[in-house]
Amino acid sequence: MALLVLGAGTAWAGHRPNNEVLIGGAISQTGRYAEPAGRQVNSIKLWVDEVNGRGGLLGHKIALRLLDDKSDTQTAIKLYEKLITEDKVDLLLAPYSSGITEAVANVNERYKMPFVAYGAASTPIWEKGRKYIFNIVDVAENYQKGAAHLAKQIGVKKAAIIGEDSLFPRQSAKGAREWAKKLGIEIVVEENYPLKQTDFTALLQKIRAAGAEAIFSNSYFADAAAQLRQLREQNINVKLFSSTVGPGLPNFPEQLGSTADYVLGYAQWEPLPQILKHPGMKEYIEAYEKRYNEKPNYHAGMTYAALQVTEAALKKVGSFDNQKLRDAMAATDMVTVAGRYKVDAKGMNNHEGLTFQILKGQRRVVWPEKWAETKPELPMPEWSKRR
């Protein structure tokens with residue numbers, strides 16, 4: 001999950017050579033978050049080229065500087081200090097994941113640099129009285145909301161909640177627990193596992209022994225993929241498997257093949273202009289697909305939406321002044337390619353996400369019904385009945 005940071009003390013753009021505005025950030029180009037962060041980088045580069053094609057930001061051509069935080073919190077903190085104090089960037093682009101965002105937000109708050117968090121979904125980030133961070137995405141606690149409702153529909157009585165022991169998965173697990181309680185689903189196993197764990201044999205055997213009919217996995221790409229492969233290897237069958245981040249990445253079904261089919265995932269947004277009907281969606285999707293030879297996923301779409309908010313706020317302010325930008329971010333009310341942006345006093349936006357199911361290798365929205373492309377195919381077929 002990620003953030004967008006604005007401003008850099010004074011309007012440095014007016015003093016740079018070639019009438020440039022410097023935009024920079026540290027984002028995971030290597031390490032465990034490189035896959036989702038890479039989709040965000042795609043939208044950043046697309047937006048930069050589009051803005052430059054329109055004459056730049058406030059008449060300044062954008063110069064882009066992206067550093068690699070290597071998916072490491074301490075590295076990210078050091079790089080943001082450098083970008084702000086040494087490079088004196090005019091606009092600061094964000095890292096990926098709630099954990100890294102939480103740490104970097106402390107740096108930006110200290111320098112009074114406002115930002116829109118286009119990937120960070122963990123509610124505690126907005127519970128600390130910060131004034132310079134604004135949310136655009138749905139919160140982590142809702143990532144398993146649709147999956148819990150679908151589990152209830154197919155008669156699931158007992159479920160397991162598992163997840164990585166870091167900020168975002170803990171918050172999405174909290175939401176899964178709350179939704180399960182509301183819907184009368186008993187949680188028979190609830191367990192966090194260490195970062196970078198790859199062997200889930202013992203945990204999955206524990207889930208089978210407890211009689212869980214569904215698994216709510218609060219996971220990223222590698223851990224969700226490993227869990228599914230090991231479920232199949234051990235012939236452990238459940239009626240429903242839902243993961244948070246991994247299934248939303250395009251190469252998840254590519255790498256897992258039929259093992260990924262019937263899995264539920266969550267998306268902040270999907271490239272479905274005929275269903276979601278947000279202005280500019282069709283044009284954005286076409287431009288992204290032409291450039292990258294694939295449709296944008298929600299990491300890409302929400303990043304582009306946050307950059308639209310950024311551009312609108314800058315135009316309203318007419319300068320790169322931090323405080324004015326902060327006030328504009330707080331007051332902006334607009335519809336982006338991902339829906340409406342309008343924050344409350346805490347800086348929280350009211351965004352609603354989607355639950356999809358991977359069917360024949362494709363993400364298909366199945367919940368909520370008002371946006372569903374198709375009906376869910378549940379319970380999941382047993383492994384022995386798959387190709």
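A pocket here is an open set of points, on a 1 Å grid over the protein atoms alone, with protein on both sides within 12 Å along at least five of seven lines, and its lining residues have an atom within 4 Å of a point. A volume is the space filled by probe spheres set on the points, which are joined across faces, edges and corners. This is a predicted model, where local features need pLDDT of at least 70, side-chain atom pairs count only at pLDDT 80 or more, and totals for chains, interfaces and linings use all residues. Residues are numbered from 1 along each chain as its sequence is written, and side-chain values use heavy atoms, with hydrogens and water left out.

**The largest pocket**

- The largest pocket has a volume of about 350 Å³.
- Its lining counts 13 residues, and the closest to the centre are Pro 250, Lys 295, Gly 361, Gln 362 and Arg 363.
- Helix H8 (251-256) and strand E15 (362-367) each give at least two residues to this lining; helices (H or I, at least four residues) and strands (E, at least two) are DSSP runs numbered from the N terminus.
- E15 provides the largest share, three residues.
- By type, the lining holds four nonpolar, two polar and seven charged residues, where Ala, Val, Leu, Ile, Met, Phe, Trp, Tyr, Cys and Pro count as nonpolar, Asp, Glu, Lys and Arg as charged, and the others, Gly among them, as polar.

**The second largest pocket**

- The volume of the second largest pocket is about 250 Å³.
- Of its 16 lining residues, Tyr 33, Ser 71, Asp 72, Thr 73 and Leu 195 are the closest to the centre.
- Helices H3 (98-110) and H5 (167-183) each supply at least two residues of that lining.
- Six nonpolar, six polar and four charged residues make up the lining of the second largest pocket.

**Helix H5**

- The 17 residues of H5 should span 24 Å at 1.5 Å a residue, and the end C-alpha atoms are 25 Å apart, which agrees; the expected span is 1.5 Å times one less than the number of residues.
- Among the buried residues of H5 are Leu 167, Phe 168, Trp 179 and Leu 183, buried meaning under 20% relative accessible area (1.4 Å probe, protein chains only).
- The buried residues of H5 pack against H3, helix H4 (145-153) and strands E7 (158-164), E8 (186-193) and E9 (214-218).
- Just after H5, Gly 184 has a positive phi of about 75°.

**Ala 76**

- Ala 76 sits in helix H2 (residues 73-85) and is buried, with a relative accessible area of 0%.
- Beyond its neighbours within four places in sequence, Ala 76 is in contact with Asp 69, Ile 100 and Val 104, contact meaning heavy atoms within 4.5 Å.
- Ala 76 and Ile 100 lie 24 residues apart in sequence and 7.1 Å apart in space, C-alpha to C-alpha.

Note on methods. 1 Å grid on protein atoms, 1.4 Å probe; cavity = no way out; pocket = protein on both sides within 12 Å on 5 of 7 lines; lining within 4 Å. Buried < 20%, exposed > 50% of the residue type's maximum accessible area, 1.4 Å probe, protein only.
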